[in-house]
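Please open the model in the viewer and keep the selection panel at hand. The stops below go from one selection to the next.

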Amino acid sequence: MNIVRPWLTIAAASLLLSGCQYARLLRPKVLKQLNPRVVRLVNEFPEIDKPNEAIVGRLFAHGGLSHAREGGDGVFRQRISVPKNQYMWYPAIITMPREGELELEFSNDDVVTHAVMMPSDGERQVLFLPVKQAGKVRVKLGQPGLYWFGCPISNHAGRGMLGLVIVKGETPAEARLDRPKQDRP
Amino acid sequence: MVKSLLSCSVLVTALLGVVGCESFPKHPVTQSQKPFNEFVENMPGRAPDVTRSVTGERIVRARSEPQNWLTYYGAYDGQRHSALDQITRDNVKNLKTAWVFQAGVIGIQAAPATYSLEAAPIVVDGVMFLSGWDGYVWALDAATGAPLWRYRHAIPLDTPLCCGNVNRGVAVAKGKVFFSTLNGHLLALDARNGKLMWEKAFADVRAGESATAAPLVVKNMVIVGSSGGEYGVRGHLDAFDVDTGAQVWRRYNVPKPGEPGSETWEGDSWQQGGGTTWITGTYDPDLDTLYWGTGNPGPPFDGGARPKSNLYTSSVVALDPDDGTLKWHYQWTPHDVWDYDGVNENILFEQDGRKLLAHFDRNGYLFVLDRTNGKFIRATRFGKVTWGDIDERTGVVTPRLMPTKEGIEICPGPAGAKEWTHASYSPQTKLLYVPVIEACADFKLIPHEFKEGMAYWGGEATVAGKPQSGYVKAFDPANGREVWSWKGQSPMVASVLTTAGGLVFTGEPNGMVDAFDARTGDLLWQFQTGSGIHSNPVSYSVAGKQYIAVPSGWGGWLEGFAPEMYGASRGTALYVFALP
């Protein structure tokens, strides 16, 4: 009994502190999405699952998901790093709850120069990232939807340095259609 | 107890290290962003203030300043005719490339085959304003092609599109450049530097709407149409104040229950009724009437989901520009089940003192109406048609072939006997010149439920594997007679431009720019641009020199008329020609 209790405490605490992400993987909704063909691909060709965590298996390199946080000035912020020998953004998918300004701090922990090209209303924004240096880029994303960003150097984007900003939300009320609410998928 | 807690903490800390308490590398923040357009060599970021004096009143008199191309069709009448006559039938053989503007793109694209450079460049006193796909607008020196400024809107990847990732052009007035973004925002840019002045959302991407049409400035309003007829939207036209961007009116083309025309819908079918406005309209300032084509009903191929005639889809609506109210309408294809739309241009011209309107519909018929009241005058078949017959004297429509569950060949295909690209009327020859598609399709009925934001076709039309060709044809609107015809290798899908030099210009999917004798149809000059032409050529002059500008860049809804040309060379160039 004395042995079991601390382990339960540890397991519960670690699940709580890690945001229960691993436990949530067991939800039927998530399990249903496990594509056996993707699993087979990764099992049979483990070498293509490196160096940046399943670029082929999942199409886009996956540095994971994170939510930009809104500052007191109304600007959403997040930090993104470039790990060594990975050709990927970490995290790679940034969400915003609505349209607005997004400021990303990029830090290059790799041994080669990178850059980031970000979409922004008005013009794309370019940020160069020399080795072991960091920089900030602020963009305006004025509409809900998905926006990609990438490293324009060599073919780093093709090898995994593609990221995504997901701007959630609906079209402004004044632009919506005058009709009863419709079924969605 | 203390010992137990201590060991527990150590274990929790160790576990956290494993489950992802990552650290962010601390490197000095030394770098700052730079707008991508600052990497363009010698682009000053400013243009002469040429559009300040462009107003609705000045556009009414656009014909009096042939050096400029002030509005989408060159003038409100939609004739796409230039009064410039420096380039003639005799000297056109000497035309040379004056300059080329390469737009280019960077990075990944969604469905590259759908991208196409389709715009009509606008030219005002030596400055050209050109739009491209993915939210690009450029100001160029119209004499040299040197870029002056560039604007690029961020377009979400997941914007729902019917067909092509395209933009058909900008409008200018009072120091502003107006254009609609793919995801349905109307933008007003400062014409001097490309900076955003105001922005309005006018289409709902979550409901499947998008926007590709060039806006039209009328009086002190900018009027803009939207797309989404393949997503079961309720099509509309919107007008905004030029100065403030405040919405002046919105008109829906599918009536609600109880409104005029609602008797042509059953049940709730009006809610997904279509009738979008994705091609720019024309305007008669004397009659103070706006003429706008409307798109297909929704779903395009499944008429069983929407019995009756489905007003005001696949029609022309004549509107009061001040409030968008309907003066009259004419439905080109009642109860359209072939996706023929009715959006093609309505060309305004005079004949024997009568104010007339000519319209080449995708259903394969050229219509001539009295534009004062919408009265039918005549119809003429201009392409290969098997879907039905329209009595050329009375306009009575007799449908003959409908989509079936098994599939059935019907002509023309879903892009019609003429796509959205425009015909031209020459006041010099008093003839109409039209690009024609000759392609049939297998139309199959596939009824399915509607879900907002998802495609709602109710069937499919397959052109692949069938012969495809095209023509440029000249018609006399006085009697509907075909005057000449020139056969191209492929469907002809570039707008036609006529000039007072007695010439007809257009382009081909194989990249050729062609110049014909307007009287005979003789091919007088060609130039290979390297990529197919699916755009709006225009003419203008600077310092007394006449130019012909032709956007070249193949793509669009190719499965609708030339699916075998998906692999053709891509491009994004504006070719500008002049005499040496």
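Select Ala134(A) and Val29(B): in β1(B), Val29(B) is the bridge partner of Ala134(A). Strands here are DSSP runs of E of at least two residues, helices are runs of H or I of at least four, and both are numbered from the N terminus; two strands pair if DSSP finds at least two bridges between them.

The model is predicted, so local features need pLDDT of at least 70 and side-chain atom pairs count only at pLDDT 80 or more, while totals for chains, interfaces and linings use all residues. Residues are numbered from 1 along each chain as its sequence is written, and chains are lettered from A and ligands numbered from 1 in the order in which they are written.

Next, select the interface. The contact takes 56 residues from chain A and 54 from chain B, where two residues are in contact if their C-beta atoms, placed from the backbone, lie within 7 Å. On the side of chain B that touches chain A, α1(B) gives the most, with 8 residues. That side divides into 27 nonpolar, 18 polar and 9 charged residues; Ala, Val, Leu, Ile, Met, Phe, Trp, Tyr, Cys and Pro count as nonpolar, Asp, Glu, Lys and Arg as charged, and the others, Gly among them, as polar.

Move to the open sheet of 4 strands in chain B, with the order β9-β10-β11-β12 and antiparallel pairing. β9 (171–173) and β12 (196–201) of chain B stand at the edges with a single partner strand each, so one side of each has no neighbour in the sheet. Within this sheet, select β10 (residues 176–180) and β11 (residues 185–190) of chain B: 5 bridges join these antiparallel strands. Val177(B) has Leu189(B) as its bridge partner in β11(B).

Now turn to His156(A), in the loop between β9 (145–150) and β10 (162–167) of chain A. Is this residue buried or exposed? His156(A) is buried, because 21 other C-beta atoms lie within 10 Å (buried: 20 or more such atoms; exposed: 12 or fewer; partly exposed: in between; C-beta atoms placed from the backbone). Beyond its neighbours within four places in sequence, His156(A) is in contact with Tyr87(A), His114(A), Cys151(A) and Met161(A).

Finally, display chain B as a whole, with its 2 helices and 40 strands. Buried residues make up 59% of its 580 residues.
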